[in-house]
Amino acid sequence: MNTSLFELFKIGIGPSSSHTVGPMRAALRFTRELTEKNLLEPTARVKVNLYGSLALTGIGHGTDRAILLGLLGEAPDTVDPYTVETKIAAIRNTNTISLGGSKTIPFHEAEDLNFRRNQMYPDPAVHSHPNGMRFTAFDNAGRSLAEEIFYSIGGGFIVSHPELLAERTAEAPASSRTVPYPFRSAEDLLATAKRHNLTISDLLLANEVALLNDPDNIINRPQATASTAAQSPEDKIRASILALWQTMQQCTERGIATEGILPGGLNVRRRAHRLAERLNTIGSKDPLAPIDWVTVYAMAVNEENAAGGRVVTAPTNGAAGVIPAIGNYYMRFIEGTEAEKEEGILRYFLTAAAIGILYKENASISGAEVGCQGEVGVACSMAAGGLVAALNGTNAQVEHAAEIAMEHNLGMTCDPIGGLVQIPCIERNGMGAVKAINACRMAMHETGDHKLSLDQIIATMYQTGLDMQSRYKETSLAGLALNIIEC
């Protein structure tokens with residue numbers, strides 16, 4: 001199976017794709033399954049247990065709020081961020097919840113939503129994934145009506161317990177997805193593109209068109225503002241990508257325009273607005289101003305994410321600033337006509353997605369599983385390769401840039417202070433974006449072969465993540481989270 005671009009880039013809300021978007025989708029799926037099985041009406045109580053990283057950093061990541069919203073029937077891509085506080089307050093003030101928005105039952109959060117901080121997995125006998133959730137529905141007599149275990153595996157993706165176990169065995173069902181140019185590795189991707197005389201972006205566009213026309217594959221794609229009824233399949237995909245880009249730009253603009261203190265208790269001050277004002281004052285006097293703007297763009301997005309605003313996973317919320325920062329860098333500082341820039345942005349997203357798919361399907365994009373190298377590291381790798389494509393580099397240069405970018409993110413831990421997606425996450429996106437530009441430039445200045453392949457780097461990243469102590473993987477039990485006083 002090849003993941004879709006629109007599964008990697010998903011519209012949602014902050015502060016975390018694995019701890020907010022994923023749990024919300026899991027709670028929503030559980031509620032919908034109760035309805036489908038005619039179990040919603042007899043349900044008198046719902047109990048949710050969180051494990052591992054979700055339990056240890058869930059409060060700071062908004063997991064409790066995400067679960068409540070999902071049980072209400074809200075989805076990450078459609079919930080209005082400005083109504084979240086009111087919805088959560090209503091549940092907590094009345095000690096009730098309207099399952100799926102239709103069946104009201106008692107819900108005492110202290111009893112019905114439990115953070116199992118002393119237990120890593122829902123089933124201790126199965127070392128599954130550190131972002132585990134157990135949902136149970138009971139009738140009036142206290143009998144269990146339904147139970148489901150889900151895992152939030154990074155980037156807002158979720159799988160049930162049986163689905164996860166099937167993926168790890170030969171019992172995994174064959175994918176129903178049929179694309180003209182399937183690939184399982186970077187070597188495979190480059191060979192297929194060469195055989196058919198395609199760029200990586202053209203190859204992925206053809207695959208997305210096939211997924212668009214396959215009725216068995218329901219993939220949420222953002223709708224462009226203009227009607228797409230008369231458009232060709234290729235143009236529909238392009239319009240949906242541009243709609244994603246517009247959402248990212250709006251997020252960047254909000255982040256730059258907004259001042260104040262981020263929620264959560266660390267009293268972290270938003271900095272993007274002040275930095276942008278300074279850059280607007282000095283103009284082009286500083287030759288490194290474009291790099292400073294890249295940092296501003298990345299931090300603006302992640303300040304919005306930390307505030308629970310509307311963002312696009314790229315491939316995660318914690319790394320959501322890198323892709324839009326490099327997109328804005330390309331649009332603002334690279335010469336070209338408006339039409340040329342639009343085509344460049346399309347190549348950028350399609351190529352970045354192809355690289356992200358390789359990480360998603362061969363390693364991990366979960367900070368709780370492999371550390372921040374799987375989030376900001378992957379985003380940096382995607383952006384570096386995507387920028388090469390936007391600049392009309394070769395497929396080989398795309399692969400080289402993606403490899404360089406990850407090579408210098410290997411071993412990066414995820415140890416957020418206070419369990420909040422703020423320190424070091426916000427600045428780290430700025431650093432990752434700058435690294436992406438450097439990796440792109442290094443690759444495009446080279447003419448010969450390079451020693452390490454992207455496939456080797458992806459395998460190394462995954463093994464490094466598995467070897468990393470769990471306390472350095474989104475638990476806030478080590479590193480910065482342990483040694484810095486929360487103030």
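Predicted model: local features only at pLDDT ≥ 70, side-chain atom pairs only at ≥ 80, totals over all residues.
The domain assignment divides the protein into domain 1, covering residues 16-169, and domain 2, made of the segments 186-216 and 221-472. The centres of domain 1 and domain 2, taken over C-alpha atoms, are 29 Å apart. At the interface, 22 residues of domain 1 contact 19 residues of domain 2. About 1,300 Å² is buried between domain 1 and domain 2, and 57% of this area is on carbon and sulfur atoms. Polar contact, in contrast, is found for 4 residue pairs across the interface of domain 1 and domain 2, with both residues of each pair at pLDDT 80 or more.

On the side of domain 1 that touches domain 2, at least two residues each come from helix H2 (17-36), helix H3 (52-61) and strand E7 (144-154). Helix H3 contributes the most to this side, with 4 residues. By residue class, the side of domain 1 that touches domain 2 holds 9 nonpolar, 11 polar and 2 charged residues.

Ser 17 was examined individually. This residue lies in helix H2. With a relative accessible area of 2%, Ser 17 is buried, because the cut-off for a buried residue is under 20%. The side chain of Ser 17 reaches the backbone nitrogen of Asn 317 at a distance of 3.0 Å. When residues up to four places away in sequence are not counted, Ser 17 touches Gly 22, Pro 23, Ser 152, Gly 155, Gly 156, Thr 313, Thr 316 and Asn 317.

Salt bridges were then searched for in the whole structure. Side chains of opposite charge can pair when their charged atoms come close. The search finds 15 salt bridges. One of them joins the side chains of Arg 134 and Glu 147, with an N to O distance of 3.1 Å. Arg 134 is in strand E6 (residues 132-138) and Glu 147 is in strand E7, so this pair ties together parts 13 residues apart in sequence. The two partners fall into separate accessibility classes: Arg 134 counts as buried at 17% relative accessibility, whereas Glu 147 counts as partly exposed at 47%.

A salt bridge is also formed by the side chains of Arg 238 and Glu 343, again with an N to O distance of 3.1 Å. Here Arg 238 belongs to helix H10 (residues 233-257) and Glu 343 to helix H14 (residues 338-362), so the pair ties together parts that are 105 residues apart in sequence. Arg 238 is partly exposed at 24% relative accessibility, and Glu 343 is partly exposed at 33%.

In a further salt bridge, the side chains of Glu 427 and Arg 271 meet at 2.7 Å, N to O. Glu 427 lies in helix H18 (residues 425-445), while Arg 271 lies in the loop between H10 and helix H11 (272-282), so the parts tied together are 156 residues apart in sequence. Glu 427 counts as partly exposed at 44% relative accessibility. Arg 271 is partly exposed as well, with a relative accessible area of 27%.

Finally, salt bridges also occur as a network, which links Arg 29, Glu 33 and Glu 163.

Note on methods. Residues numbered from 1 in each chain as written. Heavy atoms only, no water. Domains from an automatic or database assignment. Contact = heavy atoms within 4.5 Å. Buried area = accessible area lost by both parts, 1.4 Å probe. Polar contact = N/O pair within 3.5 Å; in protein donor to acceptor, adjacent residues only side chain to side chain. Nonpolar A, V, L, I, M, F, W, Y, C, P; charged D, E, K, R; others polar. Buried < 20%, exposed > 50% of the residue type's maximum accessible area, 1.4 Å probe, protein only. Salt bridge = Lys/Arg side-chain N within 4 Å of Asp/Glu carboxyl O.
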